Amino acid sequence: MSSFKLSFLTLFSALVTFEASAQSATLKWQGTPLPLTPASFEVSWDAMSLQDNDRIEVHLPRFGGTYNSFGTEGPASSRPVASPSTYGVKALGAGEFYSAEWNSKDETMKLRVKGPAQMTGFSLDQTILFLHQDTTSVPNGLGPLPPVGGIDSLWHTLAYVARFPASACSNAATGREGLGREQCNQASATFYPFVSKSELFSTNLQPLPTKRIGPLGEVESPSIVFFAAQVGAPWVSSGSCVTVTLISNAVLVTPDSAVATSLTLSGLPTGAALERPDLPLYLDQNACSAGNAPVVGSNGVLAAPGSKSVDRLMSPDGYAWVAKYTAGGELVIFLGNGFYINDGELLSFSFPLVNNNLNSATQMSVSVSGYTCTMSYLCSNIDSQPVSIASTKVQGVTTYANARRARIRSATFDVAKIYQNSDTPNAIAQITVTLQPSVSVQNQAVTISGLCGTQTNSNPTLSGPASTSFSSVDWNYNTKVMILYPSGTGLPALVTSVFSFSWTLSSYSSSPCSLQISAGTLISTMPMENVQQTVGKVVGRGFTTYSIGQYSTRPDSVNYICITLTTNYDFVASISSNAVITFSGLKGSGSNSFTEGPIFQCPTSDLHGGSAVGYPNPNFKLSFDSSSSSATVKLTSPSSWTAGSTITFAIALYNPATANSCQVSNAELLHLFETPCIAAKCFPR
């Protein structure tokens, strides 16, 4: 390994000429660097007497980040070369630079000197390496960035500073001296080595990638390698903003005013009424939500929104910071003349959605049609070629800008639930409604349709935390539709709102309802969740408790048949006919038929409790039909047996003189709720 190093250094020394003096360079970090993370630093050297248009190349081995021209556009731009000091590159000592660029292919920082000047190095401010030059944002992918594998004690042996006279450099595009495709003759250079006192930092990552990623010579086609979309809310509406983030693996450029490169976002809402040539673009989600347009001179913005001045993002009609929205649900953006998106650079912008009805929206995708550079960065029409990138869909997993949505969807109720707390016929039940709209519901009536299982024919009163969200309720018993009219701010977006109302359930059995909900023209009709299928459900009228037993097996003697009953409705004495409970299946009794017999309390275990006391009141009378083996209990006066209450009583029948097997008895109820025609409900026991 050591022999290889010596051989390499010997070869390197033979290829370059170091200045005879003790001139050298040093790297110094401002703060603690991290791999491939923007960091401020400076490279200093012993004072050089530099002439006007001299070039300085600083080779920073293994530094990362894509090409960076520090504010300068391609040759097709009408703007002159940007001052590097405006974009964070400044000379140390005296003087300044005409231009600066980071070339990721050569791992070289190239500086064109404005002289004569006595310079001692340059410094780089990390701000230019963040998205929209905002250090609170994410890195934009531009270089130079600290090496992924850190800087070890031998790094300085590969780094150097080279000085070229202006006459040694040629082939630059007009007006772009020191940049792009310009090349400098190495034989005319004077080299200065770095010294070992350059500041180091370590990582646990490999300096160079070692993973096999494909066959030798394989090159990927130009593509969008990352595409994500962030929406202001999980479900969106008019006024919500979409933030698009993408990375290309190829340089995308508009090399000439006649051949613009376009980005087309598809999958947005469609409709002729939505078409417009000037949908505003914003720097980020917050600016879009607040309606804060880009400001010239801030965040790298060069042109006023809506002006004919050229900036990076333009409409097809040539206006800065606006885009064309088509009836087919596409957003079309042109790269300004001379502007580019570098390979590996993060591009991000935001735009507002344009209508409430987003049902036509599908999964977003992006496509590119235009040009890419062939031999160098900052290319013109002579060193570029056409490129087309097919539609690329939004990726579900994202790491930039907290992008979290792959699909733009229409306004809806994220939560729409309804629950009924009772299924007892004729009971007063509480209905609880839980709603969470994706958008604020104001001035749009909420309609719940399909409600059933009630006999209430008047408007119920709302209660609960969200009851004040509505000013009035309109319930139509015939159409089974309830309309709730919002008050004030109505239902807020993405907030769970709960309210309740009560009404009387049906006297008859009823099946669960199939329910739907909508909110005016804002939220289209959609299913509503009937929690546990409770709403509308009413069980049939009958016994919830029915037990029967006897107290004696002695033949040819009085036997007390003890009965316990609970109903799920009010058992009311009929005005026109007696309310009746009939017990059938009492076979083998030794009793003769009788009418108007007494009702007894159930005896105690010693059989001394049996006496005619008329329980639960003297209005209950007993009759027995020996031919049908049935006993009938009648409620003979206007009185009631309340739903949910339990009664226990005994009827007295003689046991037969001979042995008799166990019997199965049935109970049926007639003439309930003073309705003689109601069918009986039987419970075998």
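A disulfide is taken here as a pair of cysteine sulfur atoms within 2.5 Å. The model is a predicted one, in which local features need pLDDT of at least 70 and side-chain atom pairs count only at pLDDT 80 or more, while totals for chains, interfaces and linings use all residues. Residues are numbered from 1 along each chain as its sequence is written, and side-chain values use heavy atoms, with hydrogens and water left out.

First, the overall picture. The secondary structure amounts to two helices and 43 strands; helices (H or I, at least four residues) and strands (E, at least two) are DSSP runs, numbered from the N terminus. Of the 685 residues, 47% are buried, where buried means under 20% relative accessible area, exposed over 50%, and partly exposed in between (1.4 Å probe, protein chains only). The protein exposes about 30700 Å², and carbon and sulfur atoms account for 50% of that; these areas come from the Shrake-Rupley method with a 1.4 Å probe, and for residues only the protein chains shown count as cover. As for contacts (heavy atoms within 4.5 Å), take those between residues at least 6 apart in sequence: 73% of them join residues at least 24 apart.

Next come the cysteines. Searching the whole structure turns up five disulfides. Counting bonded cysteines along the chain, the pairing runs 1-2, 3-4, 5-6, 7-8, 9-10. One of the five links Cys241 with Cys288, S to S 2.1 Å. This pair bridges distant parts of the chain, 47 residues apart, with Cys241 in strand S13 (residues 241-248) and Cys288 in helix H2 (residues 285-290). The torsion about its S-S bond is about -85 degrees, so the Cys241 and Cys288 disulfide is left-handed. Cys241 is buried at a relative accessible area of 1%, and Cys288 is buried at 6%.

Cys452 and Cys513 make another disulfide, with sulfur atoms 2.0 Å apart. Cys452 sits in the loop between strand S26 (446-449) and strand S27 (470-476), and Cys513 in the loop between strand S29 (497-504) and strand S30 (516-519), so the pair ties together parts 61 residues apart in sequence. The Cys452 and Cys513 link has -115 degrees about the S-S bond and is left-handed; both cysteines are buried.

In the disulfide of Cys373 and Cys379, the sulfur atoms are 2.0 Å apart. Its S-S torsion is about -75 degrees, so this disulfide is left-handed. Cys373 and Cys379 are both buried. Leu378 belongs to the loop between strand S22 (365-373) and strand S23 (384-393); its phi is positive, near 50 degrees, though the residue is not a glycine. Leu378 is buried as well, at a relative accessible area of 6%.

Gln533, also not a glycine, has a positive phi of about 55 degrees, but it is partly exposed at 42% relative accessibility. Two cis peptide bonds also deserve a mention: Gly115 to Pro116, with omega near 5 degrees, and Gly143 to Pro144, again with omega near 5 degrees. Pro116 falls in the loop between strand S6 (108-114) and strand S7 (117-124).

Finally, there is Arg176, in the loop between strand S9 (169-170) and strand S10 (183-184). Arg176 is buried yet lacks a salt bridge, and Glu73, the nearest side chain of opposite charge, is 5.2 Å away. A salt bridge needs a side-chain nitrogen of Lys or Arg within 4 Å of a carboxyl oxygen of Asp or Glu; Lys and Arg count as positive and Asp and Glu as negative, with His and the chain ends not counted. A polar atom of the Arg176 side chain does lie 3.0 Å from the backbone oxygen of Arg79. Beyond neighbours within four places in sequence, Arg176 contacts residues including Thr72, Glu73, Arg79 and Val81.

Methods
Polar contact = N/O pair within 3.5 Å; in protein donor to acceptor, adjacent residues only side chain to side chain.
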